[in-house]
Amino acid sequence: MKAKLSIILVSFIALMFSQAAVADEEESEKTLQEQVKYIDCDEVRNDQRRLQRVLDKAKPGTTINIAGTCQNVALIINTANLTIQGPAELQGTGVAPVIQVQDVGGINLVGLNLSGGSHGLEIVAGRASATDIAASNNNESGFSIINSGNLACFNCEALSNGARGAIVIGSMTLCGTGAFADNGEEGVLAFLGGRVFSSTAVCGAPPVLDFVDNTLAGLSLFQHGKVFFDGVTMEAGSNDGPGIAVGSNSNLQLVGSSVLIDDNGTAGLSVSDSSTASIVGSTAASVQRNGSIGVFVTNNSNALLQPVTVRDNTT
């Protein structure tokens, strides 16, 4: 009798564990489904309302997959640790950023084209990574990083924006390829202590960066702006203003890089107002065919160029 009871008890316990395991598996599957959302803007109406509702309800760790062309988008992200990925075209309202990250971290944006906003992507005191992001044809800037915001860009481009490709009043890291071209003002502006960083050691491969065909400077540092590039291949060329402008207590450091500053409308490299610039240890560096002086240093500033070829400039 006792043996039978033991067998029954063991069987009952095994059944309970089996049911618990099934319940855990079902709960895990339900949680996974809740953490992955799908939106096809070509199949739903009210793109902005639907997208924002999904964002507002998302829990940390959620992945939101977006497809199609989404119109009148002005998304606000204030939940941490979200992934939003395309491929998708997000078209803005013209008066607000297409995507704004507000004071949260762990935001991953992948495979999105952001156009038609005041800015394509704005980081306000938050932290985000952007991979394969195009922020083009926005009224102001493609990327705006303000209030100590931090953005890591992998294969990003900012083309044909009304003002700047990127304005950085915070921190921006560039990896992979980066193109900041044909913008209404600067390609990239590091401003009010803003920092732009790129390094082979951090990125894992040599970054390739272009600051070309902009109306003002290709790369501009102003009022304590800072740029540090190590082991990159870069061009600041064919801009209407200088290729690189360093002004008002700013600092530029290009180390161990391949640097081409060419065919700009004014100076190749301009350093002014108590600023410093150094291009050292370069694999190849040339300042050439610019519309005025190749390297212009003024007002208690200094430049260290070693080795750099300066040739064929107008003056």
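The chain of this predicted model contains 3 helices and 28 strands. Of its 315 residues, 47% count as buried. Among contacts with a separation of 6 or more, 54% join residues 24 or more positions apart. The accessible surface of the chain amounts to about 14,100 Å², and carbon and sulfur atoms hold 52% of that surface.

A patch of positive charge lies on the surface, formed by Lys37, Arg49, Arg53, Lys57 and Lys59. The element that gives the most to this patch is helix 2, residues 47-57, with 3 residues. Lysine 37, also in the patch, belongs to strand 1, residues 36-40. Its relative accessibility is 31%, so lysine 37 counts as partly exposed; the cut-off for patch membership is over 30%.

With 42% relative accessibility, arginine 195 counts as partly exposed. Which residues does arginine 195 contact, leaving aside its neighbours within four places in sequence? They are Val168, Gly170, Ser171, Met172 and Lys226. A separate C-alpha to C-alpha distance relates arginine 195 to valine 227: the two are 32 residues apart in sequence and 5.7 Å apart in space.

The next topic is charge pairing. Side chains of opposite charge can pair when their charged atoms come close. The structure holds 4 salt bridges. One of them joins arginine 164 to glutamate 185, with the closest N and O atoms 3.0 Å apart. Arginine 164 is in the loop between strand 11 (150-159) and strand 12 (166-168), while glutamate 185 is in the loop between strand 13 (171-181) and strand 14 (188-191), so this pair ties together parts that are 21 residues apart in sequence. Glutamate 185 counts as partly exposed because its relative accessibility is 27%, which falls between the limits of 20% for buried and 50% for exposed.

Arginine 289 takes part in a salt bridge with aspartate 262, where the closest N and O atoms are 3.5 Å apart. This pair links distant parts of the chain, since arginine 289 is in the loop between strand 25 (284-288) and strand 26 (295-297) and aspartate 262 is in strand 22, 27 residues apart. Are the two partners buried or exposed, or in between? Arginine 289 is partly exposed, with a relative accessible area of 40%, whereas aspartate 262 is buried, at 5%.

Arginine 289 also meets the side chain of aspartate 263 in a salt bridge, at 3.0 Å from N to O. Aspartate 263 lies in the loop between strand 22 and strand 23 and arginine 289 in the loop between strand 25 and strand 26, so the pair ties together parts that are 26 residues apart in sequence. Aspartate 263 has 33% relative accessibility and counts as partly exposed. Elsewhere, salt bridges that share partners join Arg164, Glu185 and Glu186 into one network.

Asparagine 264 lies in the loop between strand 22 (258-262) and strand 23 (269-272). Asparagine 264 is buried, with a relative accessible area of 2%. Leaving aside neighbours within four places in sequence, the contacts of asparagine 264 include Ala236, Gly237, Ser238, Asn239 and Gly241. Also among them are Arg289, Asn290 and Gly291, and Arg289 is the salt-bridge partner of aspartate 263.

The backbone has some features of its own. Most residues other than glycine have a negative phi, and most peptide bonds are trans. The peptide bond from glycine 86 to proline 87 is cis, with omega near 15 degrees. Proline 87 is in strand 4, residues 83-92. A cis bond also runs from glutamine 306 to proline 307, where omega is near -10 degrees. Proline 307 is placed in the loop between strand 27 (302-306) and strand 28 (309-311).

Asparagine 249 counts as partly exposed, at 39% relative accessibility.

Key. Residues are numbered from 1 along each chain as its sequence is written. This is a predicted model: local features need pLDDT of at least 70, side-chain atom pairs count only at pLDDT 80 or more; totals for chains, interfaces and linings use all residues. Side-chain values use heavy atoms; hydrogens and water are left out. Patches are made of residues with over 30% relative accessible area and no salt bridge: like charges are joined within 9 Å, nonpolar side chains (Val, Leu, Ile, Met, Phe, Trp, Tyr) within 5 Å. Accessible areas come from the Shrake-Rupley method with a 1.4 Å probe; for residues, only the protein chains shown count as cover. Lys and Arg count as positive and Asp and Glu as negative; His and the chain ends are not counted. The place of a charge is taken as NZ of Lys, CZ of Arg, CG of Asp or CD of Glu. Helices (H or I, at least four residues) and strands (E, at least two) are DSSP runs, numbered from the N terminus. Buried means under 20% relative accessible area, exposed over 50%, partly exposed in between (1.4 Å probe, protein chains only). Contact means heavy atoms within 4.5 Å.
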